[in-house]
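Here's a quick tour for anyone meeting this structure for the first time. Have a look at it, and then we'll walk through what stands out.

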Amino acid sequence: MFSFLKPDPVKKLRKSYDAILEQAMQAQRKGDIKTYSLLTAESEQIWAKIVSLEAESK
């Protein structure tokens, strides 16, 4: 009945995914490739969670 009041975990994960990709881009621009690769790996893990949550909800 009040499902619109429940927080959407996918929305929260997408927000953090976008933020991490932004940080990775900035690190790459500064030439910090190690940080870039770590942040990219972290964002890939978040993306996997997003995909699994979306698959469960369908």
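## A tryptophan and its partner

Let's start with Trp-47, which is partly exposed, with a relative accessible area of 36%. Keep in mind that this is a predicted model. Tyr-17, on the other hand, is buried, because its relative accessible area of 18% falls under the 20% cut-off. Here are the two residues next to each other:

| Residue | Relative accessible area | State |
|---|---|---|
| Tyr-17 | 18% | buried |
| Trp-47 | 36% | partly exposed |

So what do these two have to do with each other? The count of aromatic pairs in this model comes to 1. Tyr-17 and Trp-47 make up that pair, with their ring centres 5.1 Å apart and an angle of 40° between the planes, so it counts as tilted. The pair ties together distant parts of the chain: Tyr-17 sits in helix H1 (residues 9-30) and Trp-47 in helix H2 (residues 33-57), 30 residues apart.

Now for the whole chain. It has 2 helices and 0 strands. Its radius of gyration is 14 Å, well over the 10 Å that the globule rule gives for 58 residues, so the chain is more spread out than a compact globule. Along the principal axes, the C-alpha atoms fill a box of roughly 50 × 20 × 10 Å.

As for the surface, 19% of the 58 residues count as buried. The chain exposes about 4,900 Å², with 58% of that coming from carbon and sulfur atoms. There are also 10 positive and 8 negative charges, and their mean positions lie 4 Å apart.

Terms used: Residues are numbered from 1 along each chain as its sequence is written. This is a predicted model: local features need pLDDT of at least 70, side-chain atom pairs count only at pLDDT 80 or more; totals for chains, interfaces and linings use all residues. Side-chain values use heavy atoms; hydrogens and water are left out. Helices (H or I, at least four residues) and strands (E, at least two) are DSSP runs, numbered from the N terminus. The radius of gyration is taken over C-alpha atoms; the globule rule is 2.2 Å times the number of residues to the power 0.38. Buried means under 20% relative accessible area, exposed over 50%, partly exposed in between (1.4 Å probe, protein chains only). Accessible areas come from the Shrake-Rupley method with a 1.4 Å probe; for residues, only the protein chains shown count as cover. Lys and Arg count as positive and Asp and Glu as negative; His and the chain ends are not counted. The place of a charge is taken as NZ of Lys, CZ of Arg, CG of Asp or CD of Glu. Rings of Phe, Tyr and Trp (its six-membered ring) pair if their centres lie within 6.5 Å; planes under 30 degrees apart count as stacked, over 60 as edge-to-face and the rest as tilted.
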